[in-house]
Amino acid sequence: MKKIILTGDRPTGQLHIGHYVGSLRNRIKLQNSGEYDEIYLMLADVQALTDNFDHPEKVRENVREVALDNLAVGVDPEKSHLLIQSQVPALFELFTYYMNLVTVARVQRNPTVKSEIKMRGFQASVPLGFFSYPVSQAADITAFDATTVPVGEDQAPMIEICREIVQRFNTIYGKTLVMPEILLPENKASLRLPGTDGKAKMSKSLGNCIYLADDPKTVHDKVMSMYTDPNHLRISDPGNVEDNPVFIYLDAFATQDHVDEYLKDYESLDALKAHYTRGGLGDVKVKRFLEKVLQETLEPIRKRRAILEKDPGYVEEVLRQGTEKACEKASETLQRVKDNMQMTYFKN
Ligand code: TRP
């Protein structure tokens with residue numbers, strides 16, 4: 001059986017370093033591993049619209065931004081098809097058929113949907129479009145016969161619902177859909193990067209993100225003003241590395257090479273943590289190290305982004321070709337689905 005990747009981003013804002021460690025970095029590694037037969041990366045504009053329907057211009061602008069972010073981190077159009085969800089009509093036909101296979105109660109139990117409803121103040125009146133996006137996401141995944149869905153931990157409940165749909169569909173209509181597996185980042189610190197203010201999640205509305213497109217000065221300022229251990233007042237005080245975003249970022253980004261290059265007086269990141277825990281190590285020194293690591297990681301991304309920004313025609317062509325390929329693939333799946341559901345009437 002072919003090994004196929006499908007993953008996606010909601011184009012609601014520029015991507016930040018939480019997206020980078022949570023999914024982009026892994027996506028590039030998988031792309032370049034040569035282990036996958038086909039790779040589809042979706043700009044999920046229809047999903048983004050489910051909670052931004054009153055701001056279509058925001059979604060439209062960010063399709064381009066997120067495409068740029070993906071290309072800048074190393075998505076290679078020769079290996080990965082970058083596609084725009086709204087331009088693949090077969091997805092929405094699949095979505096319609098899958099809706100029969102999921103109950104309202106099942107979606108209500110989805111913890112990610114639950115917390116999103118809360119965050120958006122939708123409690124009393126959830127739009128049906130938003131509520132049903134997990135089913136739409138199952139269409140995104142199965143349309144491409146995806147075997148592997150590399151995503152952050154918050155997406156696990158979506159993949160779970162998708163797997164249930166596949167199971168039910170195949171039981172009722174005969175083996176038709178491919179059962180996908182989730183692929184989480186290996187690095188534990190990458191599962192969910194906190195905001196620079198120490199809040200659980202990096203989010204645009206909280207203003208606690210470091211963006212992939214931030215210039216060096218902005219990255220410097222954001223790192224230097226990061227929240228750390230509030231009880232670590234004097235350098236001599238013992239510090240806590242556990243819920244300390246500076247150390248969580250280091251866990252997610254710093255390699256032994258970074259330690260060897262920028263932290264001459266420490267053997268390893270663990271040695272730095274031990275010193276901080278004991279007391280006697282100031283926040284500024286740790287932040288300076290983090291800044292070097294982040295700047296080194298972001299520099300090549302910024303450079304590629306700057307080049308791509310000057311060539312909008314190229315980006316458009318990448319999206320056009322990726323979307324075309326996606327349409328072919330999704331139509332084949334839809335045909336299989338309709339055949340097995342006895343929903344084809346006219347033979348051509
Ligand atoms: N829900 C995903 C997110 O918020 C984006 C997404 C849309 C997606 N369709 C997908 C992810 C299909 C994986 C597979 O990040």
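Visitor: Within what distance do the axes of H8 and helix H9 (residues 156–173) come, and at roughly what angle do they cross?

Guide: Happy to show you! This is a predicted model, in which local features need pLDDT of at least 70 and side-chain atom pairs count only at pLDDT 80 or more, while totals for chains, interfaces and linings use all residues. Residues are numbered from 1 along each chain as its sequence is written, and side-chain values use heavy atoms, with hydrogens and water left out.

Now to your pair. The axes of H8 and H9 come within 9 Å and cross at roughly 70 degrees. Here an axis is a line fitted to C-alpha atoms, for helices over the stretch in contact, and angles run from 0 to 180 degrees between N-to-C directions. The helix names come from DSSP runs numbered from the N terminus (H or I, at least four residues; strands are E, at least two). The angle makes H8 roughly perpendicular to H9; the scale is under 35 degrees for roughly parallel, over 145 for roughly antiparallel, 65 to 115 for roughly perpendicular, and oblique for the rest. The crossing of H8 past H9 is right-handed, a term used if the near helix is turned clockwise from the far one by less than a right angle, with left-handed for anticlockwise.

Which residues meet there? On the H8 side they are Tyr133, Pro134, Val135, Gln137, Ala138, Ile141 and Thr142, and on the H9 side Met158, Ile159, Ile161, Cys162, Ile165 and Val166, where contact means heavy atoms within 4.5 Å. By class, this contact of H8 with H9 holds eleven nonpolar, two polar and no charged residues. (Ala, Val, Leu, Ile, Met, Phe, Trp, Tyr, Cys and Pro count as nonpolar, Asp, Glu, Lys and Arg as charged, and the others, Gly among them, as polar.)

Asp145 lies in the loop between H8 (133–143) and strand E4 (148–150). Most residues other than glycine have a negative phi. Asp145 has a positive phi of about 55 degrees although it is not a glycine. With a relative accessible area of 14%, Asp145 is buried (buried is under 20% relative accessible area, exposed over 50%, partly exposed in between, with a 1.4 Å probe and protein chains only). Leaving aside residues up to four places away in sequence, Asp145 touches Ile4, Val178, Lys329, Thr333 and Arg336. For Val178, 33 residues apart from Asp145 along the chain, the C-alpha separation is 5.3 Å.

Ile4 takes us into the strands. In E2, the bridge partner of Ile4 is Glu38. Six bridges join E1 to E2 (residues 38–43), and the two strands run parallel; strands pair if DSSP finds at least two bridges between them. Five of the six residues of E1 (residues 4–9) are buried, so E1 is largely enclosed by the rest of the structure. E2 is mostly covered too, with six of its six residues buried. In a regular strand the side chains alternate between the two faces of the sheet. For E2, the buried residues are Glu38, Tyr40 and Met42 on one side and Ile39, Leu41 and Leu43 on the other.

Eight of the nine residues of H11 are buried, so H11 is largely enclosed by the rest of the structure. The buried residues of H11 pack against helix H1 (17–33), helix H12 (256–262), H13 and H14. The axes of H11 and H13 come within 11 Å and cross at roughly 170 degrees; H11 and H13 are therefore roughly antiparallel to each other. Phe247, Leu250 and Asp251 in H11 meet Leu269, Leu272, Lys273 and Tyr276 in H13. That contact of H11 with H13 has five nonpolar, no polar and two charged residues.

H13 (residues 269–278) also meets H14 (residues 283–309): their axes come within 11 Å and cross at roughly 160 degrees. This makes H13 roughly antiparallel to H14, and H13 passes H14 in a left-handed crossing. Leu269, Leu272 and Tyr276 of H13 make the contact with Asp283, Val286 and Phe289 of H14. By class, the contact of H13 with H14 has five nonpolar, no polar and one charged residues.
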